[in-house]
Amino acid sequence: MSLSQPSRAVKRSLKPAAPASRQAKRAVLSGTFGSALEWFDFAVYGAMAATVFPKLFFNDMNPAIALLASFATFGVGFVARPLGGIVFGHLGDRLGRRKILLTTFIMMGVASMVIGLLPPQSAIGIAAPALLVLMRFIQGIALGGEATGAQLMTMEHAPADRRAFYGGLMAMGSPISQVAANLVLAVLSGVLSPEAFLAWGWRVPFLLSILLVAVGIYIRLKVEETPVFKEGMQEVAQESTTPATVIKTHGITILRLILAFAPIVVTFYIVSVFGISYLTTHGFSQSQTFTIIMISNFLSVIAIWWGGRLADVYGRRRILMIGSAGTLLAAVLFFPVVNLGSFPLTLGMVAFSLVTAQFGNAGQGALFAEAFPTHMRYTGSALALTGSNLIFAAPAPFLASWLMSISGGSTVSITIAWIVIIAAALINMVMMGDGKTLEGGQHRFGRYVPVEETTTTAPAVTGLAGSADAEEAVTR
């Protein structure tokens, strides 16, 4: 096209191009419910690791060492996640997403129920922390398969113009669970005496899991296998793919995705897990702390909603970068603001940290899924997601506690490490590109789409504005 004849462009609408199918809606409900349950159990464990478990399962240690040991068990779940990602990712690529998601859902519910029934160390000795670690390991394996599988099940059912949005809805499971978990814990810690909460109140959220599992299984049985996987069955049959094959052919992609997601997980776990311990030892009651985390996570649900909408228009990587840039500012300001001891300022700071992290999180699901072909998608996405959580999320509360303990209570070293990780991730993302659509086509991101591409790249260019906007076509 000559320079004297600029391309005409049509404004893309933020509204859906067509209604979602019944199966797509069921997949969203199933995935969001399942994700919320899985993360509810993880959220409750994180809060208990910061407050209750050091007193019940590591009571023969001094408080600082007991907290480190408790955070170490929290990290066990993340160590197990790559194993779950590898095993269930491979099975999900061979057998389909639906069967695997039923299995992981049941595993998480049973493990959480057992944790809620565990006697303390004073009653059964070393067996108590050993069983706690084992159940945490099972939780990690289940979540390693669930987190990616729920995203893929939903996105592969979703309309082409809403894949990032639907994938982002799965990310809502994390803040929704934080809201639910901290609401339950705030109520329990508010109505029960400290002694009653320590004796039995903390068990209630874990035991609720069995009811949620029953409802979740019913919903999940109503969802069919994804059309994208069905269409790719021939490809699956022809390709003999193992996790080693995925690593060999897409190893660099996996590493780049692992680093790209680091700002989100580091910020989330420093603020919502280590932050609980930090706030409760720096002038805030347990009830105030749980309330701050609950409100902040509620606001971050809204951030995910809009992040997913915008990721379908402006690109998954761009939304992840914007969110990561916000976490960089949060890393600089978090501890100075919290140290002021003001409830409103602390609430605002925690909310800003989690809102920016979850806004960026909305782009993760589609970015990861579109980096791999169908017969490698579950395995590749799971390795990247669980790898990022293993390297950057699992150690975050433990290392933050350790750095503060060896520096005499100073948080400067935590802040420096936090900033360095985010900066490295942002540089990495600048050098990355966006993937292709799930069907293998090219994406066209941006508010305006060239007219000639609206009929040639339909899967990638959807959701165009109606005739009123089309009449306002611009030249560029």
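**Exercise 1.** State how many residues line the largest pocket and which lie nearest its centre.

*Solution.* The lining has 20 residues, and Pro 63, Ala 64, Leu 67, Ser 277 and Thr 281 lie nearest the centre of the pocket. The model is predicted, so local features need pLDDT of at least 70 and side-chain atom pairs count only at pLDDT 80 or more, while totals for chains, interfaces and linings use all residues. Residues are numbered from 1 along each chain as its sequence is written, and side-chain values use heavy atoms, without hydrogens and water. On a 1 Å grid over the protein atoms alone, a pocket is an open set of points with protein on both sides within 12 Å along at least five of seven lines; a cavity is a set where a 1.4 Å probe fits but cannot get out; lining residues have an atom within 4 Å of a point.

**Exercise 2.** Find which helix gives the most to the lining of the largest pocket.

*Solution.* Begin with α1 (22-51), α2 (53-56), α3 (63-95), α15 (262-280) and α21 (395-406), each of which supplies at least two residues. Among the elements, α3 gives the most, with five residues. Helices here are DSSP runs (H or I, at least four residues), numbered from the N terminus.

**Exercise 3.** Give the volume of the largest cavity and the residues closest to its centre.

*Solution.* About 260 Å³ of space lies in the largest cavity. Trp 39, Ser 174, Phe 261, Asn 361 and Leu 385 are the closest to its centre, out of 20 lining residues. A volume is the space filled by probe spheres set on the grid points, which are joined across faces, edges and corners.
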